Each structure stands twice: as C-alpha cells, then as structure tokens.
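I opened my notebook and went through this one a region at a time. Here is what I looked up, in the order I looked.

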Amino acid sequence: MTQTSDQDRVLIFDTTLRDGEQSPGATMSHEEKLEIASLLDEMGVDIIEAGFPIASEGDFRAVSEIARNSRNSVICGLSRAQIPDIDRNWEAIQHAKRPRIHTFIGTSPLHRAIPNLDMDQMAERIHETVTHARNLCEDVQWSPMDATRTERDYLCRVVEIAIKAGATTINIPDTVGYTAPRESADIIRMLLERVPGADDVIFSTHCHNDLGMATANSLAAVEAGARQIECTINGLGERAGNTALEEVVMALRVRNDIMPYRTGIDTTKIMNLSRRVASVSGFAVQFNKAIVGKNAFLHESGIHQDGVLKNVETFEIMKPADIGLNEDNIVLGKHSGRAALRSKLKGLGIEMGENQLKDVFVRFKDLADRKKEVYDEDLIALVQMSEDAGADRLALKRLRVVCGTEGQEAEMTMVVDGEEKSVTSTGDGPVDAAFNCIKAIFPHDVRLQLYQVHAVTEGTDAQATVSVRLEEDGRIVTGQSADTDTVVASVKAYVHALNRLLVRRGKTGTDAREISYKDVS
Ligand code: KIV
Ligand code: ZN
C-alpha cells in the first residue's frame, strides 16, 4: 500500500438525506433521518448534508435535530442563492458542533435563463449571497449548479467571486450526469490552475449517474486535485442517482496502489448502512450492485467456486468482512434460542432492548416454523416489521385467496381502529383481489406508484419482501413487508404504507420536491 499524506486525505460528504431523499418516493420519516444521520456520523462521514431547511417544516425540524445531536461530522444544510433561504438554513444548523452552509445557483446558460439573470447580474447575486452566508458561518460551501455545462471562462469567473466572498469549499456539480472522467478531471485542473485563491479552498465533486459514470467521474476529479467527494449510500438520488459512497470509498481502498488517497470511513459499517437506507427509503439494492449487492460476494460457477475454495483471492478483490458483511455462516432455525438470535443480530449490527428482542423472537419462531433456515436478510426484515409495529390503525387479521385459471377471489378480515371488518372481492390476479378488499374495508383514494417483489433468500420457501409506494395529494409514503406468502407480504406492505399515510395526513408543510431549484429570482 502506498503511503499517503494529509494532502491525500479525501473528505466524504454524504448527501443521502438531501439529494438522496429527493429521489421520487424515497421520503424518510423524521426518526429514520435521525437514525441514518447517527449511523453516518458513526461511520466517519466528514460532512453530512442533512436536508434543505427552507423546503418544509419537516426538513427544517430534521436538520435542526440532526445538528443538535451531531458528534464528529460537520452538519450541512442546503439553501438556494436567496437571503431568506440562507437565514433559514443557518437557523437550522447553527447548533451543530461544526455547522456548514451550502448555497448554490445554476450557472449554465440553460439555468441562467430561468431566473432571467445575465452573467453580471448572476455574478452579483453570487457575491451577495456567499458574503451573507460567510457572515453567519465560517464554513461555507458554494456550488455552481450544472457546472459541467457552464462556459469555462464564466465558471472560472464565478468560482473566483465565491472564493473572494468567503466560500471555503467549492463544489463542482455534474447535475445532469453529462460529463466523462477526462473532462471531470480537466475542469478541476483548470480551476486549480486559473482561479486566484484556488489553493486556499477545497474543491469538491458532485456527480450524477445518468450515463453510469458518476463514480469514475468523482475519482477522476480527485486525481486532478478535488479533495471532497459528494455521494450517497447505495447511490440513492434524483433520476439515476448519485456517486455511491460505498463505491468510491472501496475503490480508493482497494486500488490505493494507483489512487493513493485515503478517507476516514470505517468501511465495516457500509453493509449495515446500505441495508438501513434500502429499508427506510423503500429502494431495494439491485442484486448485482457493486459492493453492496446481494451477489457481490457470491460465486456460482464451478470454476469460480473451485478457485475461491483454493484461494479466495482468485475471484475476490476485497473481503466481505471489509464492508461488514457477516461471514459467520450461522444459519438460525426453529431450534435456535433467544441468545443465538441476540448474538446473530449483534453480528448484523442490530442491538435492541429486551422488549423488542422478545417481539422479534416471537416473529422469528413463527417464521422458523414455516421455513427451514432463517438467513440474515430474513432477520433484518423481521426487525424492520417489529420496529413499525404498535402504531398501526389498520392491521390484517385474516386472508384467504383463491386463485387459478377460474379467476381470483380474496376474503379478508382487517382490524380498523380496533373494529373487525370482513369483505370478499375479486380482482385481476390474487394481489389485485386482495388490494380491492383493503379498499372496500377502508375506502381511500391513493395512487399506487410502485409495487415491487423481491425474494429475500433462495428456494421455494423463500421470504418475499414487498415494497409498495402510495401517493395522495403529493404526499408519498412507502411500506414494506416480508412473508413466505407473496400475497400476504403484499397486503402487509400496502397496509404498512397506508398506516404511514394516516400518520402523515394532517401534517402540513411543503414537500421538499415541491420547492423549485430554479426559483432563484
Ligand atoms: O446536482 C446538483 O447540482 C445538486 C446541487 C444542489 C449541488 O444537487
Ligand atoms: Zn445533485
């Protein structure tokens, strides 16, 4: 491994809670955001972008509380290039041990046209807003949105203005995932060479993955001199997502011989965070996803298996344990006791009090009676179900589905606010018939935006994990559930989402996605 110096330390800026949460349907609850922030802090993330405080009351509350609870990470909030945005941002983050204001404006011709500012007017706006931010906070990050499609001379000019006004970090976003590695590096190199004062600030890279090059573009920017990478867990984010934290961090670790840079991330926490983010965002990780996908360390072909058995390095460039993937190979079954369950959960990074453990144990026994082997993924699904229990207005009591070539019919009993209600419905398939029962028992008008089924483990007795995303008047909620019966898992996931919707009904405030980045005038 090559020796690295302080100059080769790359800061990891995680924006799962801001850019990640902006991906349609990835809305997280207040408690979930606090939990993810705490895990990111514990993992060693240098800067956590906790949200967009002006976007909604909910965002403001989440950013404020994350700031108050912060331990080591810098806590950053996002604001447009407007004084009230910046003030609201500061109000939310000022209690952090180390607060940072992030402010941005779209500088490319397409983005300048929206607020109808010419180059000089925009330059003036940048000077005014960055100066204002710096008067509030010592740590100010400025981003020229759509930097990669901004005229190079103008980019140099506005970066210089932001540095002179007091920005301490200059972030270069590839907002639409348009750049390629060589260009990404050229832009950073050009700014470092041409902009006066460039040596006194940190350059950062923020890449979207529209052409599948986000990670490569981020690493190329680092090789050219950027010392901060903006990224999200599992690459969550708008459209095709952002640079994935786990990819850049592991690439820098595994290929330290050719990329001699280091981060402060405890990589053994990666797997746990990936699972939590997948669960709370409702965005399952694709099986073949680099680093954290279910297949990332599995070997199927005979030649590969044989090689791995003789020398694991023949087909593995990193160890599962490096990312905290549990390798104990202990599979729990119906004879396993509470101590084994507790120890297994601990190995998965999940610790809980006696009461919750009791609840998870009951669920585990029930599952183990129906399924020969209970895998790590099954346990994680059970823990998630137990965490959500207790606050449910609606609960499935009984379901019987008849399906086959003669048509589909579902009979359902649900408990609604303590009262049992039963119906029978038909539908276009067993899941549709079951969902029609829910609608008959509890009439509601929502749009089913997403219905996704995954087999958590292999075999015909595998648990199915179902994710459901519902939308009502712009409010988006997700629900998940797991069961060996796919229709039961589907109904429970739907009911889970509906329960969350009922909690969110009545809460006011604009959703983060309703606020426009373009509204900068
Ligand atoms: O992609 C982007 O340009 C952004 C900015 C707000 C930094 O997310
Ligand atoms: Zn972005």
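**Entry 1**

I began with Asp417, which is partly exposed at a relative accessible area of 48%; the classes I use are buried for under 20% relative accessible area, exposed for over 50% and partly exposed in between, with a 1.4 Å probe and protein chains only. Asp417 sits in the loop between strand 10 and strand 11, where helices (H or I, at least four residues) and strands (E, at least two) are DSSP runs numbered from the N terminus. Its phi is positive, about 50 degrees, although Asp417 is not a glycine.

Before going on I noted the ground rules: this is a predicted model, in which local features need pLDDT of at least 70 and side-chain atom pairs count only at pLDDT 80 or more, while totals for chains, interfaces and linings use all residues. Residues are numbered from 1 along each chain as its sequence is written, chains are lettered from A and ligands numbered from 1 in the order in which they are written, and side-chain values use heavy atoms, with hydrogens and water left out.

Three strands form an open sheet in the order 9-10-11, with antiparallel pairing; two strands pair if DSSP finds at least two bridges between them. Strand 9 (394-402) and strand 11 (419-426) are the edges with a single partner strand each, so one side of each has no neighbour in the sheet. Neighbouring strands here are turned by 15 degrees against each other on average, direction ignored; the axes are lines fitted to C-alpha atoms (for helices over the stretch in contact), and angles run from 0 to 180 degrees between N-to-C directions.

I counted eight bridges in the antiparallel pairing of strand 9 with strand 10 (residues 409-416). Leu396 stands opposite Met414 in strand 10.

I also checked Arg393, found in the loop between helix 15 (376-388) and strand 9. Arg393 has a relative accessible area of 39% and is therefore partly exposed. From Arg393 to Glu419 I read 26 residues in sequence and 10.0 Å in space, C-alpha to C-alpha.

**Entry 1: the barrel**

Eight strands make a closed barrel, 1-2-3-4-5-6-7-8, with parallel pairing. The twist averages 25 degrees from one strand to the next.

How many residues of strand 4 (residues 99-106) are buried? Eight of the eight are, so strand 4 is largely enclosed by the rest of the structure. Pro99, Ile101, Thr103 and Ile105 point one way from the strand, and Arg100, His102, Phe104 and Gly106 point the other way.

Strand 3 (residues 74-80) runs parallel to strand 4 and is joined to it by six bridges; Arg80 has Phe104 as its bridge partner. Strand 6 (residues 169-174) and strand 7 are also parallel, with six bridges, and Asn171 is partnered by Ser204 in strand 7.

Which residues coordinate the zinc ion (ligand 2)? I found Asp19 (OD), His206 (NE2) and His208 (NE2), at 2.0 to 2.1 Å. Donors are N, O and S atoms within 2.8 Å of the metal (3.2 Å for Na, K and Ca), and water is not among the atoms, so sites may look incomplete. The donor spacing in sequence is D-x186-H-x1-H. Asp19 in helix 1 (residues 16-20) and His208 in the loop between strand 7 (202-207) and helix 9 (214-223) link distant parts of the chain, 189 residues apart. Asp19 and His208 are both buried.

Around ligand 1 I listed several residues, including Arg18, Asp19, His102, Ser143, Asn171, His206 and His208; the test is a heavy atom within 4 Å. An oxygen atom of ligand 1 lies 2.6 Å from a polar side-chain atom of Thr175. An oxygen atom of ligand 1 is 2.9 Å from a side-chain N or O atom of Arg18, and one is 3.1 Å from such an atom of His206.

Notes:
A polar contact is a pair of N or O atoms within 3.5 Å; within protein, one must be able to donate a hydrogen and the other to accept it, and residues adjacent in sequence count only if both atoms are side-chain atoms.
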